[in-house]
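This briefing is for a reader who has not seen this structure before. Please keep the sequence and the 3D view at hand while reading.

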Amino acid sequence: MDEHGTLTLLTAEDPAPVLLTVEEAARCLRVGRTTCFALIRSGELESLMIGGLRRVPADAPSAYLARRRAEQRAA
């Protein structure tokens, strides 16, 4: 879905997204939007501002998960 709630489908010609919205990153991690913003605020999940928009690099959710898995294995 786009920012207006309209369902959009990626086609084979569409490149993979480089940046995700916070909501998209939250869906990737299967957490809520508030939890995702908390991860961003704490520095655990990488994000950046582009203009007035907060965006999460597409590889940041998997990097966060990899760090969490490594932490749990070490514990």
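The model is a predicted one. The protein has 3 helices and 3 strands, and from the N terminus on they come in the order β-α-α-β-β-α.

**Overall layout**

- The protein has 75 residues, and buried residues make up 19% of them.
- Among contacts in the protein with a separation of 6 or more, 40% are between residues 24 or more positions apart.

**The sheet**

- Strands of a sheet pair through backbone hydrogen bonds, and the pairing can be parallel or antiparallel.
- Here the 3 strands form an open sheet with antiparallel pairing, in the order 1-3-2.
- Strand 1 (19-20) and strand 2 (48-50) are the edge strands, and each of them pairs on one side only.
- Strand 1 and strand 3 (residues 53-57) run antiparallel and are joined by 2 bridges.
- Across this pair, Leu 20 has Val 56 of strand 3 as its bridge partner, and Leu 19 stands opposite Pro 57 in strand 3.
- Strand 2 and strand 3 also run antiparallel, with 3 bridges joining them.
- Here Leu 48 has Arg 55 of strand 3 as its bridge partner.
- Strand 2 and strand 3 form a hairpin with 2 residues between the strands, and in this hairpin Gly 51 takes a positive phi near 65 degrees.

**Helix 1**

- Helix 1 spans residues 22-29, and its buried residues are Val 22, Ala 25, Ala 26 and Leu 29.
- These residues lie on the same side of helix 1, because they cover an arc of only 100 degrees around the axis.
- An α-helix has 3.6 residues a turn, so residues three or four places apart point the same way.
- The buried residues of helix 1 are covered by elements including strand 1, helix 2 (33-42), strand 3 and helix 3 (60-74).

**Helix 2**

- In helix 2, Cys 36, Leu 39 and Ile 40 are the buried residues.
- They too cover an arc of only 100 degrees around the axis, so they are on the same side of helix 2.
- Thr 34 and Arg 41 are exposed, and they are carried on the face of helix 2 turned away from its buried side.
- Helix 1, strand 3 and helix 3 are among the elements that cover the buried residues of helix 2.
- After helix 2 comes Gly 43, whose phi is positive, near 85 degrees.

**How helix 1 and helix 2 pack**

- Two packed helices are described by the angle between their axes and the distance between the axes.
- The axes of helix 1 and helix 2 cross at roughly 100 degrees and come within 9 Å.
- Helix 1 is therefore roughly perpendicular to helix 2.
- On the helix 1 side the contact is made by Val 22, Glu 23, Ala 25, Ala 26 and Leu 29, and on the helix 2 side by Arg 33, Cys 36, Phe 37, Leu 39 and Ile 40.
- Sorted by class, this contact of helix 1 with helix 2 has 8 nonpolar residues, 2 charged residues and no polar residues.

**Val 56, a buried residue**

- Val 56 lies in strand 3.
- Its relative accessible area is 0%, which means that Val 56 is buried.
- Not counting residues up to four places away in sequence, Val 56 touches Val 18, Leu 19, Leu 20, Val 22, Ala 25, Ile 40, Leu 45, Glu 46, Ser 47 and Pro 61.
- For Val 56 and Ile 40, the C-alpha to C-alpha distance is 8.9 Å, and the two residues are 16 residues apart in sequence.

- Arg 30 follows helix 1 and is found in the loop between helix 1 and helix 2.
- Most residues other than glycine have a negative phi.
- Arg 30, a residue other than glycine, has a positive phi near 60 degrees.
- With a relative accessible area of 72%, above the cut-off of 50%, Arg 30 is exposed.

Technical notes:
Residues numbered from 1 in each chain as written. Predicted model: local features only at pLDDT ≥ 70, side-chain atom pairs only at ≥ 80, totals over all residues. Heavy atoms only, no water. Pairing = 2+ DSSP bridges. Helix = DSSP H or I, 4+ residues; strand = E, 2+ residues; numbered from the N terminus. Buried < 20%, exposed > 50% of the residue type's maximum accessible area, 1.4 Å probe, protein only. Arc of directions from axis to C-beta. Contact = heavy atoms within 4.5 Å. Axes fitted to C-alpha atoms, helices over the stretch in contact; angles between N-to-C directions. Parallel < 35°, antiparallel > 145°, perpendicular 65-115°, else oblique. Nonpolar A, V, L, I, M, F, W, Y, C, P; charged D, E, K, R; others polar.
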